[in-house]
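User: I would like to go through the aromatic contacts in this model. Could we take them one at a time?
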Amino acid sequence: MSTRRSSAASPTLNGNGDAHANGHSPQQPNGHTRTTAAKHARKSSRSAAKGKVAAQPQVVEKVVVDWEIPRKALHSSIGFLTLYLYYSQGSPRTVVVALASGLAIIVPCDILRLRSARFERLFEKTVGFLMRESERNKTNGVIWYIIGVMFALAVYPIDIAVVSILILSWADTTASTVGRLFGARTPKLPARLPILPLPLAPRKSVAGFAAAVVTGAAIAAGFWGWVVPQVGEASSWHWPAAPTTESPSTLGATGGWLGLSVLGVVAGLISGITEALDLGDLDDNLTLPIISGGCLWGFFKLVEAFKARTSAGPHRRHLLGRGMLPTMRLWTLVSSILALVAFQAAVYASRLSARSLLPEQRIAIRESLPDLYEASVVELQAGLQSGLFTSVELVKAYFARIEEVNLQGPLLRAVIETNPSALTQAAALDAERLETGPRSLLHGIPVLVKDNIATIASEGKQDNIVSLQTSTDVPTGMNTTAGSYSLLGSVVPADAGVITKLRAAGAIILGKANLSEFAHFRGSLASGWSGRGGQCTNAYFPHADPCGSSAGSAVAASIGLAAVTLGTETDGSITCPANQNNLAGIKPTVGLTSRAGVIPISEHQDTVGPLTRSMADAAIVLSIIAGPDPNDNFTLAQPTPVPDYTLALNPNALAGKRIGVPRAVFLNDSITGSDPYVNEVFEQALNTMRALGATVVDPADLPSAEAIATSGNETIVLDTDFKIQLNAWYESLLSNPSGVRSLAELIAFDDANPTLEEPPRYTDQSILIASEATTGMNATYYAALAYDYEMGRTNGIDAALDMYDLDALVLPAPGFTTVPAAIAGYPIVTIPMGFYPDNVTIGLAGPETVYPAPGVPIGLSFLGTAYSEFELVSYAFAYEQHTHTRLARRAYEEAIPTTQLWDIIYGA
């Protein structure tokens, strides 16, 4: 928010903001800005030509699809073996003994594999290549395969049993392979069948479904139309010319090719649907032959009933019926069911009983799991891909960590609500990973987003601030409220643009983070407070100011309540929380990331960016959420293509670069209000950059520095924009239970509901009132906007870059650092720089918060011209990798959650 609006709660950093856009044409960068950007590009080329060390990008490893060729080859071969047994009319006793013997060997081996690390290594070396990665810590799918085959042979007529096994062997393999090849090019299947409300796996694609249908139809037509006549066995269908006295046909009377075609279509649909069914934890190797065989048998029974015929016993031969007593068939069926139940119990016992593991086994497993306090996206993705854990287990772990510290213990109040659909989404993404591989580095990764970023299905009937408690009235989605009860239960028309991109990348929206209400654009209130969320506090000192407005996002990221988080900034709302919570934060150029679907302050300054524990994670997230969005006109003016910001992760990026220090105003403690210790740490940071090969140009002042410190133009622009755009937001809602439809009605709502919105010490609405008093985009407004651009761009950041031939500017994150970039719409990248000493004088920040305080972090910010994020990320990464400042100090003990993945997978 504006300099004039700076709250006592955040004396060292002005402004907190969020994002939105819609309605107006984007402000095109002026000619000077374009010239500056081009100049920096030319200068980089000149540096390379002079022989300076070129940045060697550190490429983040991308995961690839596992085609499971050995496993699929074995899978398919079972179909040929089944046909051979049918052709040769093999002994049923041999089949039963072979299958039972196989179970007798595999079951003990699998239990031993799950209990003995030594045997597990031996197993992996010998037959591990035949297992899925997801089966490394779970039941071997071969066991379910055998039980399913035994069930089909014991229960169904032999011809139906053979076809169901062929569907398991060939249709499933074909669907899996085609899905991997073409699944990304075709739509996903719906959540349920259009007619029968049967659940379909979200990972399944139309390509895989079509492959299963075609294969199933070909199996049925080929088997009954060609194989059966050659063998001469009685069957459920035969050609009309065949004798009907001994083996009557159920479909033959409908005509040879017509009957076979009908049977092929039915079998194809059964194959496609059963292969796509989502039956939770039940293995498809077990369910596919049972369900497909049952459906085919039921189809023949329906036709028989329709024709008023009864089938003759002799022609309905079971494989186990020839030469075996019916009691033997019953015994086999019962044995299969008992084996299934007994083995499942044994597996769960072996998996969940950590006490049964040897001490060295427990240590090895614990060490193989990432520590969620610091876990990076790449580490989490590697664990998911290797099968060490699943996204479901990861979501459960984060939910448990939130439960520990959010509304109990230290009462951090970082999370307003969690997503009731997160576990369902995680399960679907786990299944998709097995089927087609991960979509991106964020596939299956939980992301917490600020509560001003819209998510659909906001029609929840309860306030999920206590959503982790059991409730029978669980909403289908999350609220989007900016922390205000005036928006509780409101229904947004669509996901925000950045949410759409995250979902497309496979990310899981874990929940909504607390924030300064309306992104600190309500009044002179403590940073991090909202009516819905209460007072969020810092995890590095009890009751310390978290800064805002993206307070909850930052606190959650700082102690691992989510893998990564999203914040928004108008003036300081990503930079300041990153600064005070020991994080990497990127405030992007206005228009690099979409603001569509984000509760607004000003389309001229709002932007959305990541708050993460490392610059690498921030680069991964920015690479996914950046890019044009037709619902945000400003994004259509950005350069194309969108960079892969992970390629900027070069530890030598500062070598040969010219980094300027704009000292005037921004390092004057009497103006900024910063503690003197901030500048001491900053001087050390400058020496570090020199040691990394940078030329530090000091001073490199902004010509507009004094004007920025005294100007009130930002306030005029933000007040005017906020009224117009907030009114538009309320009008865009599909429904709003509070009845509020405008800024004026919001002010009245707060006054009418003091218990919710105006508790003692949190009553101020001065900014809302000032904004309501504005009269639209008049001459004064346009003059203020133009002067902001002049101060921030042509006479500010761009001027300094040009005058001193700089690659970037650098400043401590506290103070007025954010203002030039805010009014210019330019980027800031922030990383940890240090921590306040234990003897610092503790200051009062708000009714319940303090700042500065011992151990509270201090950040370092790199600033540049429009769309210079790639370069700024590289400089910040180089500094981060050399200093590893984040690792120098942890949060205070009570604020650190203890739940880890081990506790979720194996129990406490």
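User: Is tryptophan 902 buried or exposed?
Analyst: The model is a predicted one. In it, tryptophan 902 counts as buried, because its relative accessibility is 3%, below the 20% cut-off.

User: Which residue does tryptophan 902 form an aromatic pair with?
Analyst: Its partner is tyrosine 906. The ring centres are 4.8 Å apart and the planes are at 35°, a tilted arrangement.

User: How many residues separate tryptophan 902 and tyrosine 906?
Analyst: They are 4 residues apart in helix 30 (residues 901-906), so about one helical turn lies between them. Tyrosine 906 is also counted as buried, at 12% relative accessibility.

User: Turning to the whole structure, how many aromatic pairs are there?
Analyst: The search finds 14 aromatic pairs. Among them is tyrosine 677 with tyrosine 836; this pair is tilted because the planes are at 40°, with the centres 6.4 Å apart.

User: Where do tyrosine 677 and tyrosine 836 lie in the chain?
Analyst: Tyrosine 677 belongs to helix 21 (residues 676-691), whereas tyrosine 836 is in the loop between strand 12 (828-835) and strand 13 (857-863). The pair links distant parts of the chain, 159 residues apart.

User: And what is the relative accessibility of tyrosine 677?
Analyst: Tyrosine 677 is at 24% and counts as partly exposed. Tyrosine 836, by contrast, is buried, with a relative accessible area of 1%.

User: New topic: which ring does the charged end of arginine 793 sit over?
Analyst: That of tyrosine 789, at 3.9 Å from the ring centre. Arginine 595 lies over the face of phenylalanine 634, 4.8 Å from the centre of that ring.

Technical notes
Residues numbered from 1 in each chain as written. Predicted model: local features only at pLDDT ≥ 70, side-chain atom pairs only at ≥ 80, totals over all residues. Heavy atoms only, no water. Phe/Tyr/Trp six-rings, centres within 6.5 Å; stacked < 30°, edge-to-face > 60°. Helix = DSSP H or I, 4+ residues; strand = E, 2+ residues; numbered from the N terminus. Buried < 20%, exposed > 50% of the residue type's maximum accessible area, 1.4 Å probe, protein only. Lys NZ or Arg CZ within 6 Å of the ring centre and 35° of its normal.
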